[in-house]
Each structure stands twice: as C-alpha cells, then as structure tokens.
Amino acid sequence: MAQSIDDDIIGNASLTYEFADGLVGKASLGFDLDNLTQNYFAPHYTALGLANGGTGSIAKRRLETWQTEFTLNYRHNFGRSHQLDALAGYTYQTTNRTFLTGSSSKYTDESLKQNNLSGGSLFAAPLSGESSSNLHSLIGRVNYTLLDKYNATATFRADRSSRFSQNHNWGMFPSLGLSWNVNRERFLANQKWLSNLKLRASIGTVGNQEIGDYQYSTAYTTSTTGGNVHYTKSNAANSNLKWETTVSGNIGIDASFLQDRIGITVEYYQKKTLDLLLNVPVDVAKYGVSSQLQNVGNVENKGFEISVDFTPVRNKHLLWNIQGNMGYNKNKVTSLGDYDELNVNSYTILRKGEAVGSFYGLVFDGVVQADEDISKLPTQNGSRPKIGQEKFRDINGDGKVNEFDRVILGHSHPDINYGLSSSLKFGRLDAFIQFQGTANGQIYNSLRRTQESPTDCYNVSSVILDSWTAENPSNIYPAVTDVRPYSYIDSRFVEDANYFKLKTLTVGYSIPVRFVKADLHLTATATNLFTITNYKGYEPEIQSGVDMGDYPASRSFTLGVELTF
C-alpha cells in the first residue's frame, strides 16, 4: 500500500501605485507552502514484504518558496509617431526544503501498518536533511514602436544563483526582437485581400540553474555500522561550475487574408545550448567519487512551425473555424568536450552527432531454432546460445556479443508534432473537436520488458504463452527462463511512439431564460476518446520516453451548466 497526502497553500498579494502620469510602481509577494507525507506498507505475504517479514515507512517533505518582486513601469506616447513602454525591476526568490524518513521491518503485528513503525524489530537509520537556494534577478525591458509599423523589444536580465560558486553565480541574459507591420505601408494600404502581414525576428539567451543545491561544493553522506557513524564522500567540489546557457534565434511571418478568413503563421528557429550541466566520469583515486557535475558540451535544436487558421463560413447563422498546426524539430548533440559519449547506462547514451535521449542497446536477431548451426553463432556471455534462446546481432563482427555491439535504437523526442481542431456555432448549438499526434519518436517500453520475463513476484504478459517450444518454434518470443542474458535493452522493447488521438470533443447548447434575462449554456465534453497507435504499452504520450508503467490518459465525460446574467 502506498499513500501520498499533499497539502499545498499558494498565495499572492500585490500593491500598485502611480507616481506620475504613465509611471507605475508595483510590489508583490508570493508564496507556495507544500507539505507532502508519503506512507508505505507491504505486508509479509506480499512480494515486496516477503523477504523482510513486512516493511513500512513514513516520509515527510516540506517545500517553502517565497518570491518578492519590485517593478517600475513607464508608458508614454510621443506625438503620433512614437510609443514607449519601459520596465525595470528586481525580484528575489528563496526556496527551503526539509525531509524526514523513517522505516522498519519484521513486524509481529501488522494491524496498524506504517502507523506503528516501532512494531518492527528491524530498523533502518532515519534519514533527514535540509537545503535552501535563492535567486536574485535584475530585469529590464523596453518596447518601442514607430509609426505603428516598426517595433523593437529589448530585454535584459541578470541572475545570481546560490547554486553556483561565488565566482560564477551571475548570469547575463539579453534579447532583442524586431517586427515590421508590412500591411500598414502605403504600397499595401489599398489591398483589400490582405488583412495583416507582419515580419519578425528575434535573438536572445536564457539560463538554466536546475542542478540541485550545493553541487559546486564537497558533500558527504553518513551511514551507521555497529553503532559507529561513517562519512562517505558523495560529491566532489567544482568551483568552475556555471550557468548553462541557451542562445536562440527565430524568423517568422504572420499573415491573414480575406478579412481574416485565412491566417497563416510560419516560423523557423534555431537554438544552441552551451555549457551543458552533465555528470562526467572522473578518477576515483583523485576525486573520491566516480563522477562530477561539470559544464561539458553543446546541443542544437532547429526546426520550423506552421499554423493555419481557416474560417470557411462566417455569417449571422453559422460560424465554422478550422485550425491546424505542425512543428518539426531536429535535436543533435554537437559537442561533448573531450568526450565522444557520456551518461551511458543500461538504456540511453549521450553521443556527439546523435539526439539527446537516444536509446542504446543490442539488436534482437530472433530465436535460435532447432535446425540452426549453433557453432556459427557469436558467443553471448562467453558461450554459444542454446536452442530456444534469444540471439543478438554481432555488430562489430568479432564473434561475440557484448557491450561493444550496442547501437542507437531510436530517440525519445518526436521529430514531428501536429494538431487539428475545429469549432462550429450554428444558432444555439456549438461544438468543438481537437486532434493531436506525433511522428518519428520512440519509447523504451520498460514495463513490457519486465512483463515478458517470467518471475514469481509479479504478473506476466500473456505473450509468455507464445514462447518458443519444440511444438511452437517462435522466432519472436524465446523459451521461458528466468535468466536474462544481458542487462542492456534490445531493439524488441524500443517501439515507435507515433500516435493520433482525439483529445477533446465538446457539444453545447444555449437556452435563453427569459423571465430572469439570462442565458443557460449546457455542455457535454469527452476527452481522450480514442488513440490510434502501434505502441504496445498503455499510453504513447509519455514525456520522458521511458514507460515504467505509466497510467494511460484517462477517458472522461463531463457535463456542464453555465448561467450568464
């Protein structure tokens, strides 16, 4: 049994004062107080509690975030030609975290579950900790418009983060945006077919400080053995740790025609993330740990986005609108400093020239059949595979399958995202429908890999019934065994994540209530009605790209009533 109880209080207050015509000051205070309690108990007769005679734990976490903001905003029009909007300010955010965990096992009485941790005879050392971080920011923005046609926006922010050492805690992030309302020029003034035409371009930088607290300093963890406390180094200091920075630029065009019946937006962008914050391997003898957080490498994202807005019918009886959008993005690691690859684990790799989130494993090559010449097969874990066992491709041709035969099997970021929606209003009836989907992305189906491996602790997939036997010589599902030849993933469990989903469908009807001069609007909404996909898991819409057993998006039906006076 697992239970989470979360109490979250969010508040905000602000004060605005006009010092002079067009000059406004604002002060605000916001907070978020989050208290989370997680209870866990596994009785002795369950798979998770069997080995320990029942096990229970209680974990508490408190997260406090406070933010203050002071801004001064000036707006003024200089004649008919010039418009100015300028803002300057200072913000301060502080976050404090505390946690406490206690656990025990080997219960003689399980009736009170985790509410009686002292009822266990075997105790784990309690864990507790505290950390804090703060962020100081100076912000500035200037918007300038000339003749209602030429626009410029310049912004600047300087951030000082406590998560970096004193010599590198400041980050400077400027940006500049320009746009031109072309349709307001004289040479297009009388073109009735053109409603709007804008050209725009921008370039700017942002920073990333999401690395956890105190990563630039040395840290130790404690453990207790025989009543003695031991300290083990857990983090090696890095005084050169600094902000990760993303420089992005884009150019775009916004156009609408025929009294805004047709609207088109096209944008091309390119982003370069520099000084990636990554854990890299280091010499244990020198640093006392096997890895250290460093600024290593660059990543590039580039692509385009297109959106179309079309109104086929617009009159006093019927309004019908259709919207569609598509985005293409190509992600690639362009540099890893002195390394060719980093963060290699049992299923992913970070490699120069490949996408972030690339899956890395062996290529499944079928199941060994009874009539196959086993002597010609490459060795697996030092020996030839047996009849009915899965086999894997020897990529480098050295006669043995090992970690050097792993290849890129796909990546978790879809290259294409798209959506289509339509709204209709006919008299008192209105309707809305929305579709969305992705293409050319993959998911590592970790849950499927677990369920297709026989075990005495968990349920298994029904495909086990199709496993290889002499009477059923499957070339897809190997013979039943509780021995997995490799800890690496293989191509069987990296699946296409392409999907097409009906996300939302809403139908509404308005009824006038004459005696109170009001309007009653009734709605019926359905979400996630269907998904078309070849993915074998529960849900292809997974942000992480790794399916550990994520619940599918729930299908829901909602009725609504809205009364407007």
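Helices and strands here are DSSP runs, numbered from the N terminus. By that count, the chain has two helices and 33 strands. The model is a predicted one.

Start with the whole chain. Its C-alpha atoms fill a box of roughly 85 × 60 × 60 Å along the principal axes. Of its 565 residues, 34% count as buried. The chain exposes about 33100 Å². Carbon and sulfur atoms supply 55% of that area.

Next come the charges. The chain carries 51 positive and 56 negative charges. Side chains of opposite charge can pair when their charged atoms come close. With a cut-off of 4 Å between a side-chain nitrogen of Lys or Arg and a carboxyl oxygen of Asp or Glu, the count comes to 22 salt bridges.

One of them joins Arg163 to Asp213, with N and O 3.0 Å apart. This pair links distant parts of the chain, 50 residues apart. Arg163 sits in the loop between β7 (150-161) and β8 (170-181). Asp213 sits in the loop between β9 and β10. Both residues, Arg163 and Asp213, are buried.

Gly212 counts as partly exposed, because its relative accessibility is 29%. Buried would require a value under 20%. From Gly212 to Thr311 is 99 residues in sequence and 49 Å in space, C-alpha to C-alpha.

Now move along the chain to a sheet. Strands of a sheet pair through backbone hydrogen bonds, either parallel or antiparallel. In this case three strands form an open sheet, ordered β29-β28-β32, with mixed pairing. The edge strands are β29 (494-496) and β32 (546-547), each of which pairs on one side only. Strand β28 (residues 442-445) runs antiparallel to β29, and the two pair over three bridges. In one of the pairings, Tyr444 has Val494 in β29 as its bridge partner.

Take Arg492 and Glu390. Their closest N and O atoms are 3.5 Å apart, and they form a salt bridge. Arg492 lies in the loop between α2 (446-451) and β29, while Glu390 lies in strand β23 (residues 390-392). The pair links distant parts of the chain, 102 residues apart. Both Arg492 and Glu390 are buried.

The other pair is Lys501 and Glu541, whose side chains meet in a salt bridge at 2.8 Å, N to O. Lys501 lies in strand β30 (residues 499-513) and Glu541 in the loop between β31 (518-533) and β32, so the pair ties together parts that are 40 residues apart in sequence. Lys501 counts as buried because its relative accessibility is 0%. Glu541 has a relative accessible area of 26%, so this residue is partly exposed.

How values were computed: Residues numbered from 1 in each chain as written. Predicted model: local features only at pLDDT ≥ 70, side-chain atom pairs only at ≥ 80, totals over all residues. Heavy atoms only, no water. Pairing = 2+ DSSP bridges. Helix = DSSP H or I, 4+ residues; strand = E, 2+ residues; numbered from the N terminus. Buried < 20%, exposed > 50% of the residue type's maximum accessible area, 1.4 Å probe, protein only. Areas by Shrake-Rupley, 256 points an atom, 1.4 Å probe, with all protein chains shown as cover. Lys, Arg positive; Asp, Glu negative; His and termini not counted. Charge placed at Lys NZ, Arg CZ, Asp CG, Glu CD.
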